[in-house]
Amino acid sequence: MPGLLARYDALIASGQLRADPDQRAAAERLARLQDELEAPPPPKRWYVAIFGSGPTQPDPRGVYLWGGVGRGKSMLMDLFVDTLALEQKRRVHFHAFMLEVDRRIAAARKAELRDPLMAVALDMAAGLKCLAFDEMVVTNTADAAIMGRFFTALMEAGTVIATTSNRPPRDLYKDGLNRSLFLPFIDLVERRMDVLSLNGPTDYRLDRIGGLAMWHAPLGEVATNQVREAFFRLTDFAPEDAANVPSGELDLGAGRTLHVPKCLKGVGVFSFKKLCAENRGAADYLAIAQAFHTVILVGIPKMGPENRNEAIRFTKLIDALYEHRVKLFVTAAALPEELYQAGDGAFEFERTVSRLNEMQSEDYMALGHGVED
């Protein structure tokens, strides 16, 4: 089977990828990690004879690959795992992994194990030489509090981590509640992993969603199918496995969470009813804008004077998404100009209409996620 670099070069030669120095450097670093993981242990016969034990060598340093959306991080991680000649490997989305950790720790507590977190970490590490993540992002206070100790245990037990993220380590869980509890994890990453940025000039995400409109009206099966297609293209999730798309819980602070029905690789799916018909404020919308680079919002109705509160919340939601340059796909009953034409704040709503139209432009789509520095 061709190795990682051979497969990568073939993609360049075929025109599926464009030459990118950052991407090439990341591919070479991942290939070197493969060599280190696949290397046989050193001979230890004479060590045993003299010292009674074999020689030890440090575990390879892990790789933390971060960069903007669409820069090829997931593609490189796919190549890395596919061409890694090692049985003791696992590839998993980071969010799904942390949900598994939470479930297993809860079961260990129920079993009254002495140190549930450590017991789960050591059990997961047993027989696992390489753990590869996609899209490391931390939005949950409970996860942030345990990650330093949990991943230290994994690494000390010999598991090497390779991960992608949209953010550099120091920006993970930025401004999160009790962030001081998370800082040991950041220190661990910088101490035990090589951090590489991948922010080349080509946004392959735009190629994936080329030809797909962002605004789909009226409501119905055609509109729903269009946003489903956008979700599958952005997340590389197989349409035939749609029933197994992972969900998630977004930490809103103060002990509150928001259920995300579909949540994968920085793409979140929400209903208008959940976000705008319920009593929510700007802080909730800020949490969404920070956590997701793309939001799919379904079921936007036409609103009248009786929907004043929903229209105000919708405006606050769009403001947060716009300011954080979140990409938006929607199903709606009408075009933006026709959503709220009469009622308190209808004149001010014209600003929201302007933003919605701008968010459909190619210039806006090319912007990176996050507020400008």
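Q: Which residues does Gln-34 touch, leaving out those up to four places away in sequence?
A: In this predicted model, Gln-34 touches Leu-4, Leu-79, Phe-80, Thr-83 and Leu-84. Each counts as a contact because heavy atoms lie within 4.5 Å. Gln-34 itself lies in helix H2, residues 21-38.

Q: Why is Gln-34 called buried?
A: Its relative accessible area is 5%. Buried means under 20%. Gln-34 therefore qualifies as buried.

Q: What makes H4 largely enclosed by the rest of the structure?
A: Eight of the ten residues of H4 are buried, so the helix is largely enclosed. The buried residues are Lys-73, Ser-74, Met-75, Leu-76, Met-77, Leu-79, Phe-80 and Val-81. They pack against helix H1 (4-14), H2, strand E1 (62-66), E2, E3 and strand E4 (160-165).

Q: Why does the space lined by Phe-80, Val-81 and Leu-84, among others, count as a cavity rather than a pocket?
A: A cavity is a set of points where a 1.4 Å probe fits but cannot get out, whereas a pocket is an open set. The structure holds one cavity of 30 Å³ or more. The volume of the largest cavity is about 30 Å³. Its lining is made of Phe-80, Val-81, Leu-84, Lys-89, Arg-90, Arg-91, Cys-130 and Ala-132. Helix H4 (73-82), strand E2 (89-93) and strand E3 (130-134) each give two or more residues to that lining. E2 has the largest share, with three residues.

Q: How do you know how many residues of the lining of the largest cavity are nonpolar, polar or charged?
A: Sort them by class. Phe, Val, Leu, Cys and Ala count as nonpolar, and Lys and Arg as charged. The lining divides into five nonpolar, no polar and three charged residues.

Q: What volume does the largest pocket have, and which residues are closest to its centre?
A: The largest pocket has a volume of about 1,100 Å³. Its lining counts 37 residues, and the closest to the centre are Arg-167, Asp-171, Lys-174, Gln-290 and His-324. E7 and helix H12 (282-291) each supply at least two lining residues. H12 has the largest share, six residues. By class, the lining has 16 nonpolar, 13 polar and eight charged residues.

Q: What makes E7 and E8 a pair?
A: Two strands pair if there are at least two bridges between them. Five bridges join E7 (residues 248-253) to E8 (residues 256-260). E7 and E8 therefore pass the cut-off. They run antiparallel. Gly-248 stands opposite Val-260 in E8. The hairpin has two residues between the strands, and Ala-254 takes a positive phi near 55 degrees there.

Q: Why are E6 and E9 said to stand at the edges?
A: Strand E6 (215-216) and strand E9 (262-264) each have a single partner strand, so one side of each is left without a neighbour in the sheet. The open sheet has five strands in the order E6-E12-E11-E10-E9. Its pairing is mixed.

Q: How do you know that E11 and E12 pair?
A: Five bridges join E11 (residues 294-300) to E12 (residues 327-332). Pairing needs at least two bridges, so these strands qualify. E11 and E12 run parallel. The bridge partner of Leu-297 in E12 is Val-330.

Q: What makes a set of residues a nonpolar core, and which members of the largest one touch the most others?
A: A core joins buried residues such as Leu, Ile and Phe through side-chain atoms within 4.5 Å. The largest has 57 residues. Ile-288, Leu-297, Phe-314, Leu-321 and Leu-328 touch the most other members. Helix H13 (residues 308-323) gives the most to this core, seven residues. Beyond its neighbours within four places in sequence, Leu-328 is in contact with Met-214, Val-295, Leu-297, Ile-318, Leu-321, Leu-356 and Met-359.

Q: Why is Ala-230 called buried?
A: Its relative accessible area is 0%. The cut-off is under 20%. Ala-230 is therefore buried. Ala-230 lies in helix H10, residues 221-235. Not counting residues up to four places away in sequence, Ala-230 touches Leu-212 and Phe-329.

Note on methods. Residues are numbered from 1 along each chain as its sequence is written. This is a predicted model: local features need pLDDT of at least 70, side-chain atom pairs count only at pLDDT 80 or more; totals for chains, interfaces and linings use all residues. Side-chain values use heavy atoms; hydrogens and water are left out. Helices (H or I, at least four residues) and strands (E, at least two) are DSSP runs, numbered from the N terminus. Buried means under 20% relative accessible area, exposed over 50%, partly exposed in between (1.4 Å probe, protein chains only). On a 1 Å grid over the protein atoms alone, a cavity is a set of points where a 1.4 Å probe fits but cannot get out, and a pocket is an open set with protein on both sides within 12 Å along at least five of seven lines; lining residues have an atom within 4 Å of a point. Grid points are joined across faces, edges and corners, and a volume is the space filled by probe spheres set on the points.
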